[in-house]
Amino acid sequence: MNRLSILGGRLIDPANGIDARVDLHIDRGRICGLGAPPGAFNPDRAIDARGLVVCPGLVDLSARLREPGAEHKATIASETAAAASGGVTTLCCPPDTDPAIDTPAVVELIRRKAKRSGRCMVLPLGAITRDLAGTELAEMAALKAAGCPAVSNASAALASILVQRRALEYASTYGLIVLLRPEDPQLRDRGCAHEGPVSTRLGLPGIPEAAETVAVARDIALCEQTGARIHFRGLSTAKAVRMIERALQDRLPVSADVAAHQLFLTEADIDGFDSRCHVDPPLRTTADREGLRAGVASGAIGAICSDHQPHEPDAKDAPFPSTAPGISALETLLPLTLRLVEERLLALDAAIARVTCGPADVLGLPLGRLGVGARADVCVFDPDEPWILDPHAMRSCGRNTPFAGWEMRGRVRYTLFEGRVVYET
Amino acid sequence: MSGHPNVQLDAKGRLRHFLTIDGLSRELLTEILDKAESFAGVTEQTVKKVPLLRGKVIANLFFESSTRTRTTFELAAKRLSADVLNINISTSATAKGETLLDTLRNLEAMHVDMFVVRHAESGAAHFIAQHAAPHVSVINAGDGRHSHPTQGMLDMFTIRRKLGRIEGLKVAIVGDLRHSRVARSQILGLNALGAAEVRVIAPRTLLPPDIRSLGVHPFHQLDEGIRDADVVITLRLQKERMSGAFLPSEREYFQLFGLTEERLRAAKPEAIVMHPGPINRGVEMDSQVADGPRSVILAQVTYGIAVRMAIMSMAMSVGEGGREP
């Protein structure tokens, strides 16, 4: 089955400005035609996409697969299957595996397992420092050669701002984008929730807004100093969004993303010590959520991520501060993004851009678009079909989601990866 | 807890667990105080026992060390004729890697009827209550910085006994509000029971930035904060606040926030002085105040038994769908 046509769908390709009823034709893993089939094209299979939206496969800048090192939580095979069912065809795997992604051997291992699974492209993010310890630089040039499109220190802090400066300079020497989780570890202290009225009432150690804004200000200053390309991973405060908007006005090479759950939940959701809403960075105020939404609407936040973190049930079964942060989120990335359309924050094509060409542009990769010759990674979804999220029906090994029972819209019907149907329902 | 069913009440709104004062009605809190009043007599009799909880097993589950609280809980349980297990977990199961849930299940298998839980993490008592078997009651004896509701209620009881009421009073709480579960419970109790004003007095390092959201008025000067107060409560100051850069020294703290007879003149002449104990003499207050006529600190300890008897007997009468009408 090398040739495939997707017929009658509403094709939305934000990168190429297309939103029209256009047929899509695929030959040996590549898009070979839009509209009328090329020459004597005779597809092995035709997908009837009438009433459906055809868009590029989703690109996710942050999804933990838990392999190697935490296979009791999830595996590359299980999570790439979850990705396929969520319409995600490319994902970046942060380097906080065990061992960390700080040598080409680990990159190779992850890529090989992902290839064997064959449902999604997995891009390992290289570690900035050895063992993520924050002190000595990892061999970034070798990591790039092995296939890392960018480097990151995951949630681990760098030992000093001097190490950070050197890391930015070294990474930029080799054209590597640096993904930073902006957080000052000392201001964070032992916090586990937003420092605000809810954490005050619940007596939970708070993480102040300044833990993020201080880090963003510092990182922007270093960006000015070094000229290195910085991507801010996972914002949580409205103030950080405004700082990034100003940096963009100053034409600094920065970009930012947000986890989808930050656009829907707030600190109020942890009330009752709900560990499903224990996330990192923490859920903050309604004003922060609105600020993040405004950043997504303006484009200052160019990408929405799943920030997928599958856990075994025990990891969430403890007093709130001891629970593991994170949400199993690959399967809610598309429906939550589409909810922004329903809530009139974004037009449909702009929403799709935030999960396709937006994140691809952060990486500087020609993904998340459907032009002739592009790789045939495609998501076909029903924009109207309502469904209720049932954690037990999720493909991911992690069932940890606060969105259980939410009515979602936007059901993935087909996911194509390299021209093959890797998921259909 | 808006949006969350109050896990500590049963379907009829009666006390099933006692985890926090948050969300409890003035009526229920008053019922606890009235019941404690009836038990206060028992503790003063020669035979200091009532048979209310005969045959019941109560486990004192202390993941954090405590002398006073554990002892008064034990006395309260014994005066209700229950059997008491004291389990000091910090030196026991968790040191062997057992999870909190496993510890709980094992004790349940021994047919324990009530857990009295102290734990260093906020939310621990809620967690245990959510996972406990239906017939088991959980009493929070202090969880992290969140709540210490029996202490809060014994403080309400002490105020009511000494001043006859809580309604309309001005109460000042001095000290480390940021780290204090006791203060959070006192504030909730005072506001629910109609205190006129709750003031908190501390340098900004010891106040959570959103302290006003708890319904209190923050002050940074002792004299101003205790002016015309009916009740002055001082909180215990932990030594580690000095190394954590919350305060420069005990000396400066005492100079600015320590209670002395002279400074107490700003409060009402009949004002009482409280402290949850143990006191650091010369830090939170000097000995003249601690041992002086306005101090009700030892009465707090005594009343703690009656209040805990009231709470334990109320929670136990509800389990298993209500054994008592």
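## A buried helix in chain A

A residue is called buried here if 20 or more other C-beta atoms lie within 10 Å of its own, the C-beta atoms being placed from the backbone. In this predicted model, that description applies within helix α10 of chain A to A:Leu333, A:Leu334, A:Pro335, A:Leu336, A:Thr337, A:Leu338, A:Arg339 and A:Leu340. Because 8 of the 10 residues of α10(A) are buried, the helix is largely enclosed by the rest of the structure.

Which elements cover the buried residues of α10(A)? The cover includes strands β8, β9 and β18, helix α11 (348-354), and strands β19 (378-388) and β20, which belong to chain A. Just after α10(A) in the chain comes A:Arg344, whose phi is positive at about 65°.

## Chain A as a whole

Chain A contains 12 helices and 21 strands, and its C-alpha trace spans about 65 × 45 × 45 Å along the principal axes. A compact globule with 425 residues would have a radius of gyration near 22 Å, and the 21 Å of chain A agrees with this. Of the 425 residues of chain A, 59% count as buried.

Contacts in chain A also reach across the sequence: among those between residues at least 6 apart, 74% join residues that are at least 24 apart.

## A hairpin near the end of the numbering

Strand β20 (residues 407-417) of chain A, which is included in the cover of α10(A), pairs in the antiparallel sense with strand β21 (residues 420-424) of chain A, over 4 bridges. Within this pairing, A:Thr415 has A:Tyr423 in β21(A) as its bridge partner.

The two strands β20(A) and β21(A) form a hairpin with 2 residues between them, and in the turn A:Glu418 has a positive phi of about 50°.

## Backbone details in the loops

One runs from A:Glu67 to A:Pro68, with omega near 5°, and A:Pro68 lies in the loop between β8 (58-60) and α1 (76-85) of chain A. The other runs from A:Asp98 to A:Pro99, again with omega near 5°, and A:Pro99 has its place in the loop between β9 (88-93) and α2 (104-117) of chain A.

Two aspartates take a positive phi although neither is a glycine: for A:Asp307 the angle is about 50°, and for B:Asp228 it is about 60°. A:Asp307 is found in the loop between β18 (303-305) and α10 (333-342) of chain A, whereas B:Asp228 lies in the loop between α7 (222-226) and β8 (231-234) of chain B. Are these residues buried or exposed? A:Asp307 has 28 other C-beta atoms within 10 Å and is therefore buried, while B:Asp228 has 11 C-beta neighbours inside 10 Å and so counts as exposed.

## The nonpolar core

The largest nonpolar core has 238 residues, of which A:Val151, A:Val178, B:Phe115, B:Val232 and B:Met312 touch the most other members. The largest share of this core, 12 residues, comes from helix α12 (residues 297-318) of chain B.

The surroundings of A:Val151 can be followed residue by residue. Leaving aside residues up to four places away in sequence, A:Val151 touches A:Leu125, A:Gly126, A:Ala127, A:Ile128, A:Met140, A:Leu143, A:Ala171, A:Leu176 and A:Val178; A:Val178 is itself one of the core residues that touch the most other members.

## Where the chains and domains meet

Between the two chains, 17 residues of chain A are in contact with 24 residues of chain B. On the side of chain A that touches chain B, the residues comprise 8 nonpolar, 5 polar and 4 charged ones.

Chain B is divided by its domain assignment into domain 1 (26-148 + 303-318) and domain 2 (149-301), and the C-alpha centres of domain 1 of chain B and domain 2 of chain B lie 26 Å apart. Their contact takes 22 residues from domain 1 of chain B and 24 residues from domain 2 of chain B. On the side of domain 1 of chain B that touches domain 2 of chain B, at least two residues are supplied by each of α1 (26-44), α2 (68-79), β4 (137-143) and α12 of chain B. The residues on that side of domain 1 of chain B divide into 9 nonpolar, 8 polar and 5 charged.

Terms used
Residues numbered from 1 in each chain as written. Chains lettered and ligands numbered in written order. Predicted model: local features only at pLDDT ≥ 70, side-chain atom pairs only at ≥ 80, totals over all residues. Pairing = 2+ DSSP bridges. Contact = placed C-beta atoms within 7 Å. Nonpolar A, V, L, I, M, F, W, Y, C, P; charged D, E, K, R; others polar. Buried ≥ 20, exposed ≤ 12 C-beta atoms within 10 Å, placed from the backbone. Rg over C-alpha atoms; globule rule 2.2 N^0.38 Å. Core = buried A, V, L, I, M, F, W, Y, C linked by C-beta atoms within 7 Å. Domains from an automatic or database assignment.
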